[in-house]
Amino acid sequence: MSQYKVLVADDNASDRLILSTILRKQGHLVVQAANGQEAVDLFDAEKPHLVLLDALMPVMDGFEAARLIKRLAGEDLIPIIFLTSLKDAASLAKCLDAGGDDFLSKPYNRVILEAKINATQRMRQMHETLQKQRDQIAENNTYMLQEQRVAKAVFDNVAHSGCLDSPIIKHLLSPLAVFNGDVLLAAHKPSGGMHILLGDFTGHGLPAAIGAMPLAEIFYGMTVKGFGMTDILREINMKLKSILPVGVFCCAGMVDISFWKRTISVWLGGLPNCYLLRQNGERIELASNHLPVGVVDHRAFDDNCYQYNMEPGDRFYLWSDGIHEARNDLDEMYGEERLEALFDHTEDHDLLFDRINDDVNEHIKNSAPDDDITMLEVLMVDESEIREEQMVVKMGAVSGPTDWSMSYKLGPTTLRDFNPLPLLLHQLLEVPGLRPHSGTLYTLLAEMFSNALEHGVMRLSSDLKVDPMGFAKYYQMRQEGLDNLTAGFVEFCFEHTPTAEGGSLLMRVIDSGSGFDYGDDGVVKAGDGNFHGRGLRLVASLCKYARHRGAGNQFEALFEWQREI
Amino acid sequence: MELAVIDEQMWAELKDIMEEDFGLLLETFLSDAEERLGCLGEAIDVMDAAALRESAHSFKGSCGNIGAMRLSSMASSLEQQVASIDWAVAKTSLVEMQREYLQVQQFIQQELPS
Amino acid sequence: MSIWASASQDGRSLTINIEGRFDFSAHQDFRESYEKTDAEPDEYCVDMKQTSYLDSSALGMLLLLRDHAGGDSAKIKIVNCNADVRKILTISNFEQLFTIQ
């Protein structure tokens, strides 16, 4: 049995005595008052768990006392039981209306009194529990908001807006969009041009925001170093796939604009249709043709992009599904049809962006938006208009070695067990000007290497590679040759020189084979006949020149690159 | 049915509840009752209806608690009369109550330990 | 929203039915439908005949099922999609990972 502190207020001394004795015998602590005013004063001083109030008392009656006591109790629930010898329904109801939680009739019945005390105390305890839980929730909520504030500050430093405030860009991104998983990034490329990325992570709150940070780091870090869009996407995909749990991914669209070449490359994975709007009103819809970022591993990642020419005055629009999914209070989505209609009926393209924003907001009107509207418009301009903006970036860009040479010799053990190409490529990419060409460079290295290794060191003949069976046999022999390799080498020599337009990279690959008779000058032309392999012809097509040298065990190619501005 | 001076069952129950404090309760009742009857008399003398009702109500309650049912019911009817009070009748009722009270007092004093 | 699963006679395939909105609230039920089954199916079928709506968290749940069913070697069919559901699957190019009928 629990012990409670009970306040008994009754103007009749013998009534008070009886009630107090009953209560004391039940193990409770009793405090006595003889009238309403005393009751209120004692309530304030003693803070009892329960109040037994006589309805009719001098000085202040029970009803008034009950009102004051309830007010003193404030948020807490201290049960009040009215003591009354009144029997009519109206009077009993009045007790409850005045704030009483129950009533007890005189003459007092011990059993009923005990039952009522326990019932009202259960009520009080439940109320107390609710209060504690509510306070706990409020406290947790405050912590959470504070955590989010810190997270946002960190995020803003990493995923800053870049060049979103460029005059050729219009964009919408709500300040807390990151907690809805939306992120919008833009940066000038050191070689000229711009990268833009719009990401929409699954989920809400901190889990959605967390993926945005490595995404932004990679985007800005690699763009400023001059890496190409597909390399950046590949890197982002790999990172997100490795850190995000299964089922969490990022719908994304990335754009590489060149003002000098007047082209746009677009990669879309999981975002709704984006539009390319030409000055004459022609609208090209680009549909997402890839899985969102972070779903597949690097082997399955497809970096295929749309490529379009753009004239000054043409615009490109990129958005998350917040627009299409915006609902009005009839639960109707804004949808693609409305968007298309807006495009079709707006003559002055300059007004289009704001009109879209207004129209979507008009549609939502009073109903609460459950997703932010994140969208971007970029205008193609003449290269001269953007040059100054880009110059600032260029001067602050990361620099690297411009004139250097190196050689790298690989012996049989290394050839057997190690693929040297990524490492070599990495070295070459230390030159900022080479970074946009990493794909091409890898192809060049790979073709020259396989030529040197297979035909030079292992003396395999291409004659086999005429049909699928032949290919299979060829590669089987290649693998066997590699597994049993005990002698030989492949040497790479690189020499990079800056030029007026940019730079040139001389590549020479030497193998330990005995070479072959390559005829007059050994120059490989892209359109040549069967004498030179397909691979070497590819090298020739990508370089200023490509030729055999020495005894036929050396191959040399010159790759040139130009600055954009 | 005729009401007893003191309801035996209630008396027994009270004794049971109060145990060693029973005597205290009885004395408290007696002194309270004397005071109450005095108040009733005063209220009737000055014809204060509100005071009369208050005292009658209170007296009814405490008599009821101690088991003096007849006295309690008398106080109750006096309380109800207040609405359309006839002061002369009230005075008579009070006299009857005082007589009844003497019986109650006698009973109690017998039961009081010395 | 309710989800229930039924295995084929030979236990080789499990069909999961989703009725109503397939969104975040379906998370636990969906997982349990394929985790808490006695069958060890080789292939799965997600029947969307009564699915009114699908959002990105549902896409995430499908990826979890795929992961459970063997990742790249998983055999999962998604059938009976209405126009809205189809649209979302198309935009996300999920036919690259699932067979959609």
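This is a predicted model: local features need pLDDT of at least 70, side-chain atom pairs count only at pLDDT 80 or more; totals for chains, interfaces and linings use all residues.

Our opening stop is a sheet in chain A. Strands of a sheet pair through backbone hydrogen bonds, and they may run parallel or antiparallel. Here, 5 strands of chain A make an open sheet, and their pairing is antiparallel. Reading across, the order is β16-β17-β18-β20-β19. Which strands stand at the edges? They are β16 (404-410) and β19 (545-549) of chain A; each has a single partner strand, so one side of each is left without a neighbour in the sheet. On average, neighbouring strands of this sheet are turned by 15° against each other, ignoring direction.

Now look at one pair inside that order. Strand β18 of chain A, residues 502-511, pairs with strand β20 of chain A, residues 554-562, in the antiparallel sense over 9 bridges. To find your place, pick out Leu506(A): its bridge partner in β20(A) is Leu558(A). A helix packs on this sheet as well, namely α14 of chain A, residues 438-457. Helix α14 of chain A touches β17 (490-498), β18 and β20 of chain A, and its direction makes about 15° with that of β18(A).

Next, turn to chain C and a pair of helices. Two packed helices are described by the angle between their axes and the distance between the axes. Helix α1 of chain C (residues 27-35) and helix α2 of chain C (residues 56-68) pack at an angle of about 20°, and their axes are 11 Å apart. Angles under 35 degrees count as roughly parallel, and therefore α1(C) and α2(C) are roughly parallel to each other. The crossing of α1(C) past α2(C) is right-handed. Which residues meet here? From α1(C) come His27(C), Phe30(C), Arg31(C) and Tyr34(C), while α2(C) brings Met61(C), Leu64(C), Leu65(C) and His68(C). The residues of this contact of α1(C) with α2(C) divide into 5 nonpolar, 2 polar and 1 charged.

Finally, let's see where chain A touches other chains. Its contact with chain B takes 15 residues from chain A and 18 residues from chain B. On the chain A side, helix α1 of chain A (residues 13-25) gives the most, with 8 residues. That side divides into 6 nonpolar, 4 polar and 5 charged residues.

How values were computed
Residues are numbered from 1 along each chain as its sequence is written. Chains are lettered from A and ligands numbered from 1 in the order in which they are written. Two strands pair if DSSP finds at least two bridges between them. Helices (H or I, at least four residues) and strands (E, at least two) are DSSP runs, numbered from the N terminus. Axes are lines fitted to C-alpha atoms, for helices over the stretch in contact, and angles run from 0 to 180 degrees between N-to-C directions. Two residues are in contact if their C-beta atoms, placed from the backbone, lie within 7 Å. Angles under 35 degrees count as roughly parallel, over 145 as roughly antiparallel, 65 to 115 as roughly perpendicular and the rest as oblique. A crossing is left-handed if the near helix is turned anticlockwise from the far one by less than a right angle, and right-handed if clockwise. Ala, Val, Leu, Ile, Met, Phe, Trp, Tyr, Cys and Pro count as nonpolar, Asp, Glu, Lys and Arg as charged, and the others, Gly among them, as polar.
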